[in-house]
Amino acid sequence: MRIKYLSLLACALLSASVIADIAVVVHPSNASAVSADDLNRLFLGRTSSFADGSKATPLNLAEGAAARDEFDSKVLSRSSSQLKAYWSKLVFTGKGTPPKELADDAAVKAAVAADPTAVGYISSSSVDGSVKVVANF
């Protein structure tokens, strides 16, 4: 029993260390500063623009992605089930549409690199010169 407990503990610690930091990325030409509060409002549909007034298009990773779970927890302070309920209510009442979901880091990075209004998040290890990092979590 003790060995089973220790191996479960070891697996939990290893999986926690595998989850990379989250990098919030924008198009390289975007000069907007983005705070955690700005991201919260953008990804919860409470605003559709950056703090400087320019249009913002938030992009989510697909549900179940480790980076999305981290972003939801660290930035939005909600679980995936809480967010699903939040967006279901807004969609049902016609008061909002959730951010577009993309399959993986590469898809988010490509979409952000192609759209100056886009803001997304990816694992820090996926960042390259095609996007600009505006925040890390």
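**The core and one of its helices**

Mentor: The largest nonpolar core has 31 residues, and Phe43, Phe71 and Val119 touch the most other members. Such a core is a set of buried Ala, Val, Leu, Ile, Met, Phe, Trp, Tyr and Cys residues joined through side-chain atoms within 4.5 Å; buried means under 20% relative accessible area, with a 1.4 Å probe and protein chains only. Two or more residues come from each of E1, H2, E2, H3, H4, helix H5 (105–114) and E4, and E1 gives the most, with five. Helices (H or I, at least four residues) and strands (E, at least two) are DSSP runs numbered from the N terminus.

The model is predicted, with local features needing pLDDT of at least 70 and side-chain atom pairs pLDDT 80 or more, while totals for chains, interfaces and linings use all residues. Residues are numbered from 1 along each chain, and side-chain values use heavy atoms, without hydrogens and water.

Now take Phe43. Leaving aside residues up to four places away in sequence, Phe43 touches Pro58, Leu59, Asn60, Phe71, Leu76, Trp87, Pro99, Val119, Gly120 and Tyr121. Contact here means heavy atoms within 4.5 Å.

Phe43 is one of the buried residues of H2, along with Asp38, Leu39, Asn40 and Leu42. After H2 comes Gly45, with a positive phi near 75°.

Terms used
Buried means under 20% relative accessible area, exposed over 50%, partly exposed in between (1.4 Å probe, protein chains only).
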